[in-house]
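Open the model in your viewer and keep the selection tool ready. We will go from stop to stop.

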Amino acid sequence: MSAIRDVSELRRFERIGAHTHIKGLGLDENLRAVKIKDGMVGQERAREAAGLVVEMIKQGKLAGKCIILAGPPGTGKTALAVAISRELGPNVPFIQLSASEIYSAERKKTEVLIEAMRKAIGVEIHEMREVYEGEVTDLKFNMVPHPYNPYVKVPESVRIRLRTTEEERTVEAGSHIAEQLIALGVTEGCVIQIDAETGRVVNLGLCEESEKAKLYEIDARRSVPRPSGKVRKQKEFVYTLTLADLDELHARRRRGGLFSLLFGLGAEGREIDPEVRAAVDEEVKRMVDEGRAFIHPGVLFIDDAHMLDLEAFSFLSRAMESELSPIIILATNRGFARIRGTDIESPFGFPLDLIDRAVIITTEEYDEDTIREILRIRAREEGISISEEALDELTEIGARTSLRYAVQLLSLAAQNARVAKRDRVEVEDVRRVDELFMDVSEAAEYLRKYEEKMMRH
């Protein structure tokens with residue numbers, strides 16, 4: 001007999017990113033920064049400034065401006081941008097882009113920027129539809145011979161008995177709905193939804209109160225409660241799309257035709273015409289005026305924004321003035337730098353007219369206490385048990401080198417402890433990985449030592 005054993009269930013996605021611990025800006029009700037809250041530690045001044053910006057965004061009073069996050073490397077600029085998106089809510093799109101991504105050999109940089117900006121604007125569409133909804137208590141198909149193959153039978157019609165908490169009703173439908181019911185594997189006990197206008201069928205799952213749900217101890221289908229109200233009803237559906245999604249839908253509709261239908265040729269990889277975007281904007285504005293849609297301006301975060309050139313900056317300055325524009329956050333670690341594509345030196349490497357209309361938030365280097373608390377949060381997020389002595393050692397390394405290097409050593413020290421069959425990271429684990437790996441200053445010293453023996457490009 002084969003051995004059977006229980007397997008521990010994976011409760012959540014275990015891939016830990018650099019900013020998965022960020023839950024918000026960590027502010028109190030007076031928009032004052034709490035020392036440690038929502039995964040944020042330190043940078044109180046920058047967090048309070050970002051809190052005021054979030055309130056202005058929620059009230060729709062930050063149109064035509066952008067936010068510049070400036071500070072030395074590793075001081076939490078990206079974490080601050082992620083925290084702003086968390087504060088705005090789960091329905092608000094947050095698009096992260098590196099400035100180098102816009103320079104593609106296949107697409108114009110303005111096209112990449114337009115698409116990123118429109119991905120950062122959500123459209124919540126509310127639509128009332130008339131549907132038949134209920135638990136299937138009886139299902140009978142009327143099968144007839146296929147018109148081209150008499151040895152095969154196909155459904156001609158179907159009779160369905162649907163039950164809700166208030167009524168039970170029998171409906172008849174044609175072959176189109178019957179074929180969908182067979183394809184979706186609908187049986188007695190399933191809860192289905194049929195669009196009265198289009199005939200589209202959706203299998204919502206197995207009814208919790210049905211006899212079939214009580215028959216099987218294990219079932220792969222999702223369990224749902226029996227629908228309430230009448231069988232035929234008006235129901236509101238909510239769809240959340242972005243302007244980029246709507247652009248793509250309209251572009252495919254325009255480019256459609258017999259040739260594309262026969263050969264499956266779509267609009268992938270092609271640029272979208274400005275006329276299509278203008279038509280989408282008009283349709284969205286009309287739905288908003290009618291109360292059928294709501295716009296959620298999101299956040300477009302461009303990291304290493306000093307790599308943008310003058311043309312890209314000019315495009316962003318113009319795009320910020322449009323009615324449908326997201327909140328643009330530019331992050332940079334440059335001081336005075338040359339604007340790409342020119343010989344002009346400017347603060348952050350940005351044009352002065354863009355800086356003049358921006359809200360600037362600066363970050364500062366972390367002190368030892370802040371580094372210690374950030375490392376403690378990262379250890380908890382990664383499920384690492386670490387001794388206080390090892391944490392002090394990592395804090396000292398972070399203060400001497402950088403926070404990023406210390407966070408990397410934390411994961412490496414945890415792996416070293418697992419290899420040594422220990423459940424907790426100790427000082428010797430931290431010291432060993434610090435000896436095995438180099439920080440930036442040690443790598444620079446190594447290159448200077450062996451400069452003559454290294455290859456030059």
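Helices (H or I, at least four residues) and strands (E, at least two) are DSSP runs, numbered from the N terminus. Two strands pair if DSSP finds at least two bridges between them. The model is predicted: local features need pLDDT of at least 70, side-chain atom pairs count only at pLDDT 80 or more, and totals for chains, interfaces and linings use all residues. Residues are numbered from 1 along each chain as its sequence is written, and side-chain values use heavy atoms, with hydrogens and water left out.

**Stop 1: a hairpin.** Select residues 153-163 and 168-174, which are strand 6 and strand 7. A hairpin of four residues links strand 6 to strand 7. The two strands run antiparallel, joined by seven bridges. Now pick Ile-160; its bridge partner in strand 7 is Val-171.

Stop 2: Next, find five strands in the order 4-13-14-3-17. They form an open sheet with parallel pairing. Strand 4 (94-98) and strand 17 (358-362) are the edges, each pairing on one side only. On average, neighbouring strands here are turned by 20° against each other, direction ignored. (Axes are lines fitted to C-alpha atoms, for helices over the stretch in contact; angles run from 0 to 180 degrees between N-to-C directions.) Zoom in on strand 4 and strand 13 (residues 299-303), which share five bridges. There, Phe-94 has Val-299 as its bridge partner in strand 13.

**Stop 3: helix 2.** Select residues 77-88. Are they mostly buried or exposed? Ten of the twelve residues are buried, so helix 2 is largely enclosed by the rest of the structure. (Buried means under 20% relative accessible area, exposed over 50%, partly exposed in between, with a 1.4 Å probe and protein chains only.) Among the buried ones are Leu-80, Val-82 and Ile-84. Just after helix 2, Gly-89 has a positive phi of about 115°.

**Stop 4: helix 8.** Move to residues 274-289. Colour Val-276, Arg-277, Val-280, Asp-281, Val-284 and Met-287: these are buried. Look down the axis of helix 8: its buried residues fall within an arc of 135°, so they line one face. (The arc is that of the directions from the helix axis to the C-beta atoms.) On the other side, Pro-274, Glu-282 and Asp-289 are exposed.

**Stop 5: Arg-378.** Finish in helix 11 (residues 368-381), where Arg-378 lies. Arg-378 counts as buried, at 5% relative accessibility.

Conventions. The expected span of a helix is 1.5 Å times one less than its number of residues.
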